[in-house]
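Please work through the following exercises with the sequence and the coordinates at hand. Each task is followed by a solution in steps.

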Amino acid sequence: MPRLGFGVYKNYTTTVSVVEALKAGYRHVDTAQAYRNEAHVGAALKEFGIRREDVFITTKIISSHHGREKTLRVVETSVNNIGGDYIDLFLIHDPYAGTKLRIETYKALQECQQAGKIRSVGVSNYGIKHLEEIREAGLEAPAVNQIELHPFCQQREIVDYCRRNNIVVSAYSPLLQGRMDHMVLQEIARKHSKDAAQVLIRWSLQKGFVPLPKSATPARIRSNTEVYDFVLDAVDMERMDDLDVGKEGAVTWNPVDVD
């Protein structure tokens, strides 16, 4: 799983943007059934001419499709939308369906994994109690938990749980949905001759997360990959860590506490 992914939520030029991302060097694209652009991602792979095995695709099943039979059907749809015969990482998008359907859906995704249609099974927006119910059901831990993560919403207890249980933490909304004017971010950006977006992505990488920045602007798509020629020092990291305000810092739905 490449450490830097390209997100396509609310991207209304998905095919063009994904082609641009592939040109910029991204080899991980994060989509979802609920985004309604899986087929556009698939079209971009075809247009760019990349081999299916050379790009990592993540998609997700939303709670309205939870349940065994629905899951089996929509996995087939996602595979067909992307092209090829498998999805690299399939996530349960959210925990809203309740324990019974969450577990049923997780098992169905594992069935698809055993059938070779999915390489890895994971979850998104899962809090500790949702992760614990998987363990208590005697099922293999998810490969990934994708949650909202950035300096203002660090979800430390969930991150710690995932680290203890060898679950990769993927970070959506790492760029605060564009709200990057905080003084600390701007000062650190100037210090390194970078922009705030690059600083936020670098913070996420140094934390060991898999950030998923998104943009429809070609120049921004490219600049968001230019994060490997500098390092945030201990003072930078501490200043950014100190920005955490817990759940109050969330900029999205962040449904990690639902029953």
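A nonpolar core is a set of buried Ala, Val, Leu, Ile, Met, Phe, Trp, Tyr and Cys residues joined through side-chain atoms within 4.5 Å. Buried means under 20% relative accessible area, exposed over 50%, and partly exposed in between (1.4 Å probe, protein chains only). The model is predicted: local features need pLDDT of at least 70, side-chain atom pairs count only at pLDDT 80 or more, and totals for chains, interfaces and linings use all residues. Residues are numbered from 1 along each chain as its sequence is written, and side-chain values use heavy atoms, with hydrogens and water left out.

**Exercise 1. Determine which residues have the most contacts inside the largest nonpolar core.**

Step 1. The largest nonpolar core has 69 residues.
Step 2. Those with the most contacts inside this core are V18, L109, L185, L232 and M240.
Step 3. Seven residues, the largest share of the core, come from α8. Helices (H or I, at least four residues) and strands (E, at least two) are DSSP runs, numbered from the N terminus.

**Exercise 2. Classify the packing of α7 with α8 and of α8 with α10.**

Step 1. Axes are lines fitted to C-alpha atoms, for helices over the stretch in contact, and angles run from 0 to 180 degrees between N-to-C directions. Angles under 35 degrees count as roughly parallel, over 145 as roughly antiparallel, 65 to 115 as roughly perpendicular and the rest as oblique.
Step 2. The axes of α7 and α8 are 8 Å apart, at an angle of about 95°. The two helices are therefore roughly perpendicular.
Step 3. L185, Q186, I188 and A189 of α7 meet A196, V199 and L200 of α8.
Step 4. For α8 and α10, the angle is about 100° and the axes are 11 Å apart, which makes this pair roughly perpendicular.
Step 5. V199, L200, W203 and Q206 of α8 meet M237, M240 and D241 of α10.

**Exercise 3. Describe the surroundings of K194.**

Step 1. K194 lies in the loop between α7 (183–192) and α8 (196–206).
Step 2. Because its relative accessible area is 17%, K194 is buried.
Step 3. Leaving out residues up to four places away in sequence, K194 touches A189, V199, E226, D229 and F230.
Step 4. The side chains of K194 and D229 form a polar contact (2.9 Å). A polar contact is a pair of N or O atoms within 3.5 Å; within protein, one must be able to donate a hydrogen and the other to accept it, and residues adjacent in sequence count only if both atoms are side-chain atoms.

**Exercise 4. Decide whether N125 is buried or exposed, and find its polar partners.**

Step 1. N125 sits in the loop between β5 (118–124) and α5 (128–136).
Step 2. Its relative accessibility is 0%, so N125 counts as buried.
Step 3. A polar atom of the N125 side chain lies 2.9 Å from the backbone oxygen of H93, and the side chain of N125 makes a polar contact with that of Y172 (2.5 Å).

Technical notes: Contact = heavy atoms within 4.5 Å.
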